[in-house]
Structures are given as C-alpha cells and as structure tokens.
Amino acid sequence: MRIYGLQLVETVTDRICDVCGDSVMKEVNGHKYSESGELKAQWGYGSKEDGVCYQLDLCEDCFKVALLALKDHRRCIVMLDKDLPKEDFGIDKSRTPDYLLPH
C-alpha cells in the first residue's frame with residue numbers, strides 16, 4: 001500500500017558569485033542551470049589554517065580572473081625554470097573532450 005502526502009523539499013533557487021555578486025544561474029529553454037566554478041579548501045592537522053574550510057562560488061568571469069592570477073603566480077615561482085604553466089593549466093583532461101583542449 002502506498003500512502004501519499006505533500007512534502008516540502010528545500011532546493012537551490014539561485015547561486016551568487018562571491019566575488020562580483022552576480023547570479024551564476026543561466027536560463028536555457030525555460031530551465032535554470034548553475035554555471036559556476038568553485039574554489040574549495042579544507043585544511044587539516046599540521047597546516048597553518050588547521051580546521052579552516054573555504055568555499056567560494058564563482059561566475060565564469062571571476063573564475064577566469066582567479067585562474068589567470070594563479071597562472072601568473074606560478075610563472076613568478078618558476079621564472080628561471082623552464083616549467084612554465086601551459087595553456088591547459090588546471091584543466092581536468094579526464095573530463096574535458098579533446099576538441100575543447102587548447103592546442
């Protein structure tokens with residue numbers, strides 16, 4: 001026997017970029033999709049920030065700014081080395097189609 005009843009379920013209706021404050025939700029054919037990047041960290045025992053957790057939602061533009069800042073930082077660290085960051089720096093190649101990878 002099945003017994004039916006109404007049940008309220010909390011769901012995400014919007015996500016806001018923690019940097020610029022814009023919504024990261026995009027509407028396509030009447031449906032809203034979250035198009036966001038995330039910056040996450042959870043520091044553990046032995047780190048300077050033991051127990052601190054970070055989580056930032058980023059729109060595509062702010063994510064690209066953060067990625068470029070990290071690439072520049074990497075360039076500074078290895079300035080005299082030959083291992084400069086490549087165009088595919090940070091891209092998860094196991095989940096990105098080959099035709100989208102930079103050549």
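Start with charge: the protein chain carries 14 positive and 19 negative charges, and their mean positions lie 5 Å apart. Lys and Arg count as positive, Asp and Glu as negative, with His and the chain ends left out; each charge is placed at NZ of Lys, CZ of Arg, CG of Asp or CD of Glu.

Keep in mind that this is a predicted model, where local features need pLDDT of at least 70, side-chain atom pairs count only at pLDDT 80 or more, and totals for chains, interfaces and linings use all residues. Residues are numbered from 1 along each chain as its sequence is written, and side-chain values use heavy atoms, without hydrogens and water.

Some of those charges pair up: the whole structure has 4 salt bridges (a side-chain nitrogen of Lys or Arg within 4 Å of a carboxyl oxygen of Asp or Glu).

Arg15 sits in the segment before strand S1 and Asp57 in strand S4 (residues 53–58), so their bridge ties together parts 42 residues apart in sequence. Strands here are DSSP runs of E with at least two residues, and helices are runs of H or I with at least four, numbered from the N terminus.

How covered are the partners? Asp57 is buried at 12% relative accessible area, Glu38 is partly exposed at 37%, and Lys40 is exposed at 58%. (Buried means under 20%, exposed over 50%, partly exposed in between, using a 1.4 Å probe and protein chains only.) Shared partners join Arg15, Glu38, Lys40 and Asp57 into one network.
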